[in-house]
Amino acid sequence: VPGEPLDLRPDCARCFGLCCVVPAFATSSDFAFDKHAGEPCPHLRDDFGCAIHAQLRQRGFPGCAVYDCFGAGQHVAQGTFGGRDWRREPAIAQPMFEAFTVMRQLHELLWHLAEALRLRRAQPVHEELRAALGQTERLTDLDAAALAALDLDAHRRAVNALLRRASELVRDRAGHRVADHRGADLVGARLRGADLRAADLAGAELIRADLRGADLRLADLTGADLRGADLRAADLTTSLFLTQSQVDSARGDATTRLPPRRTAPRHWPGARLRR
Ligand code: SF4
């Protein structure tokens, strides 16, 4: 993408295990125990690797297996804090953890802006998208104190409104009757074979929904919760704003049709292993 800014893929080798320390966990199907925010996970090794990395799902941590920091971890570790490590310098732990929380949200916005810039039908707002991308990228250069003082909500609201306009431009031109399920509670919903082309499913709760064979082309899936959703034979080839993490959290197999740049996770039966 022209102007695509930073590397938005995690590089755990250049991070200090920030995602294994900063977020809180609650015992659930995603995590096998509770953990407070800012408390290092007991599985985090001294070298910041995960002691159970190869068995995360089997050991009850699928939430870790699908987590994506969008590259915020290495940015904070190597950029904001210049390679200093919170274990050797406990005084920087708190500001580093706070910076990670903000940085992850900024990187997530950058990812969505870069995705929107790939949408040809969103051309009328491409200039605004590029401006927002540049502005967001500049925010990621702030030092830890400035990141902590940032009015992130205001920035997020402005960017999200722009992303929504981009989504509407694409979906309005799709020529289908468009379903509005924005933020809907569709937990466990029976949507097998449903025509959800160009539907607004942003923020929808689709946990364990039956989406087998559903047509999700051009559907906006921004932030939709797809944990355990059954995507076998579903068509997501042109779904909007579908992250790899969302794909990884769902069920699928070789019949699931994914958009370019999204790959079938290793735990899907019969999936082509492209990662
Ligand atoms: S289980 Fe592993 S990946 Fe998950 S938080 Fe703990 S150390 Fe990190």
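**Notes on the predicted model**

1. The ligand is surrounded by Cys20, Phe25, Cys41, His43, Leu44, Cys50, Ile52, Leu56 and Cys64. By class, this shell holds eight nonpolar residues, one polar residue and no charged residue.

2. Phe48 has a positive phi of about 70 degrees, although Phe48 is not a glycine. Most residues other than glycine have a negative phi. Phe48 sits in the segment before α1 (62-65). With a relative accessible area of 15%, Phe48 falls under the 20% limit and is therefore buried.

3. Ala233 also needs a look at its backbone: phi is positive here, at about 65 degrees, and Ala233 is not a glycine. Ala233 lies in the loop between α6 (152-172) and α7 (244-249).

4. Leu218 is buried, its relative accessible area being 15%. Leu218 and Thr237 are 19 residues apart along the chain, and their C-alpha atoms are separated by 8.1 Å.

5. In helix α2 (residues 72-80), the buried residues are Ala72, Gly73, Gln74, His75, Val76 and Ala77. Against which helix do the buried residues of α2 pack? They pack against α3. Just after α2 comes Gly82, which takes a positive phi of about 55 degrees.

6. Helix α3 (residues 93-116) and helix α4 (residues 126-139) have axes that come within 10 Å and cross at roughly 155 degrees. This angle is over 145 degrees, so α3 is roughly antiparallel to α4. The crossing of these two helices, α3 and α4, is left-handed.

7. Which residues make the contact of α3 with α4? From α3 they are Leu106, Leu109, Leu110, Leu113, Ala114 and Ala116. The α4 side supplies His126, Leu129, Ala132, Leu133, Thr136, Glu137 and Leu139. Sorted by class, the residues of this contact are 10 nonpolar, two polar and one charged.

8. Helix α3 packs with α6 as well, at an angle of about 15 degrees and with the axes 10 Å apart. Since that angle is under 35 degrees, α3 is roughly parallel to α6. The crossing of α3 and α6 is left-handed.

9. On the α3 side, the contact with α6 is made by Val102, Gln105, Leu106, Leu109, His112, Leu113 and Ala116. On the α6 side, the residues are Leu152, His155, Arg156, Val159, Asn160, Leu163 and Ala166. The classes here are nine nonpolar, four polar and one charged.

10. Taking the helix contacts together, Leu106, Leu109, Leu113 and Ala116 of α3 are listed in the contact with α4 and also in the contact with α6. Helix α3 is roughly antiparallel to α4 and roughly parallel to α6. The buried residues of α2 pack against α3 too.

Notes:
Residues are numbered from 1 along each chain as its sequence is written. This is a predicted model: local features need pLDDT of at least 70, side-chain atom pairs count only at pLDDT 80 or more; totals for chains, interfaces and linings use all residues. Side-chain values use heavy atoms; hydrogens and water are left out. Axes are lines fitted to C-alpha atoms, for helices over the stretch in contact, and angles run from 0 to 180 degrees between N-to-C directions. Helices (H or I, at least four residues) and strands (E, at least two) are DSSP runs, numbered from the N terminus. Angles under 35 degrees count as roughly parallel, over 145 as roughly antiparallel, 65 to 115 as roughly perpendicular and the rest as oblique. A crossing is left-handed if the near helix is turned anticlockwise from the far one by less than a right angle, and right-handed if clockwise. Contact means heavy atoms within 4.5 Å. Ala, Val, Leu, Ile, Met, Phe, Trp, Tyr, Cys and Pro count as nonpolar, Asp, Glu, Lys and Arg as charged, and the others, Gly among them, as polar. A residue is near a molecule or strand if one of its heavy atoms lies within 4 Å of it. Buried means under 20% relative accessible area, exposed over 50%, partly exposed in between (1.4 Å probe, protein chains only).
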